[in-house]
Amino acid sequence: MSTVDPEPVLGWYARHARDLPWRAPGSTPWSVLVSEIMLQQTPVARVIPAHAHWMARWPTPAALAAEPAGEAIRQWGRLGYPRRALRLHETATIVTERHGGIVPADVGALLALPGIGSYTAAAVASFAYGQRHAVLDTNVRRVLARLVAGQPAPPPALSVAETRLAESLLPDEPAVAARWSVAVMELGALVCTAASPQCGRCPVARDCAWLAAGQPPAAVRRRSQRYDGTDRQCRGRLLAVLRECGTPVSRADFDAVWPGPGQLARALDGLVTDGLVDPLPDGRYALPGTVPGEK
Ligand code: ADE
């Protein structure tokens, strides 16, 4: 297995890391978990204010669990992929009922929570509890693919070989390993970026197999998916109506924000199936659990 001296990356991180709220000393495991769920599909700049508002409203899992799931969806606002809010509410409930209100430190227990996959479990165990785990998000995978394997980009799906490689590079001391993981992630976010790597600023440029190979280009990437006119956009509009109205809404309120009735009906069905919207007996719709007397 390859070896990489962690010191240059750790030193670079000490000098250049962004001062992100969930990295502040004393940040709670709940704060770290909320940040990781938000960061799964949303850029850091949009997560910062959303995370601050969320933590101000619900500083503990128990505080969130005491409110209906619909409030989590409302607070999620325009972060996108709102099923994450629903899963976070379910997780808060389980943490409150089965873990004494404390986000578990054990990776197995974290993996058993809704919406937490292997990346998020490793991230929370490392960043909140200082444990030693390979934390493989897309930035880390790209840095390691370039530095060690000489590849411009990681393979589309995470492989066992990548996980083994990342584990072999972890410093022995758990707290240092956790710091290494976030440092490599930050290097991928700020310097070793996908589109415009700044190798002149990289603390491990001298050891980089990809740079040594002459920076071979990645295969042409698929263009990002369009959003306008998609079912996703339609779902977003319908949820925005529910968030902003504060009361149950009728089908006519939805019709006012989306021109295609067939697509609207399909999107609404999807929201109901996903548990993001409750159909009421009177034919109106509400965010789940927000109408007194309803389930
Ligand atoms: N710091 C810790 N986890 C992070 C993440 N997922 N993205 C950016 N910064 C982070």
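Some ground rules. Residues are numbered from 1 along each chain as its sequence is written, and side-chain values use heavy atoms, with hydrogens and water left out. Because the model is predicted, local features need pLDDT of at least 70 and side-chain atom pairs count only at pLDDT 80 or more, while totals for chains, interfaces and linings use all residues.

Let's start with the inside. The largest nonpolar core has 47 residues. By nonpolar core I mean buried Ala, Val, Leu, Ile, Met, Phe, Trp, Tyr and Cys residues joined through side-chain atoms within 4.5 Å. Buried is under 20% relative accessible area, exposed is over 50%, and partly exposed is in between, with a 1.4 Å probe and protein chains only. W30, W54 and F254 have the most contacts inside this core. Elements giving two or more residues to it include α2 (29-39), α3 (44-57), α6 (83-98) and α13 (231-245). The top contributor is α6, with six residues. Helices here are DSSP runs of H or I, at least four residues, and strands are runs of E, at least two, numbered from the N terminus.

What does W30 touch, leaving out residues up to four places away in sequence? The list is W54, M55, W58, P59, T60, P61, L64, L88, A92 and V103. Contact means heavy atoms within 4.5 Å. Another core, of 32 residues, lies apart from the largest one. V9, V143, A177 and A205 are among its members.

Now the ligand. Around it sit L20, W22, R23, E36, L39, V44, Y119, F127, V182 and M185. Which side chains place a polar atom by a ligand nitrogen? For R23 the distance is 3.0 Å. For E36 it is 2.5 Å. For Y119 it is 3.2 Å. A polar contact is a pair of N or O atoms within 3.5 Å. Taken alone, the ligand exposes 260 Å², and the protein buries 90% of that. Those areas come from the Shrake-Rupley method with a 1.4 Å probe.

S196 is in the loop between α11 (174-190) and α12 (209-212). Its relative accessibility is 48%, so S196 counts as partly exposed. S224 is 28 residues from S196 in sequence, and 17 Å away in space, C-alpha to C-alpha.

Is D278 buried or exposed? Buried, because its relative accessibility is 8%. D278 is in strand β1 (residues 278-279). A polar side-chain atom of D278 lies 3.4 Å from the backbone nitrogen of G289.

Notes
A residue is near a molecule or strand if one of its heavy atoms lies within 4 Å of it. A polar contact is a pair of N or O atoms within 3.5 Å; within protein, one must be able to donate a hydrogen and the other to accept it, and residues adjacent in sequence count only if both atoms are side-chain atoms.
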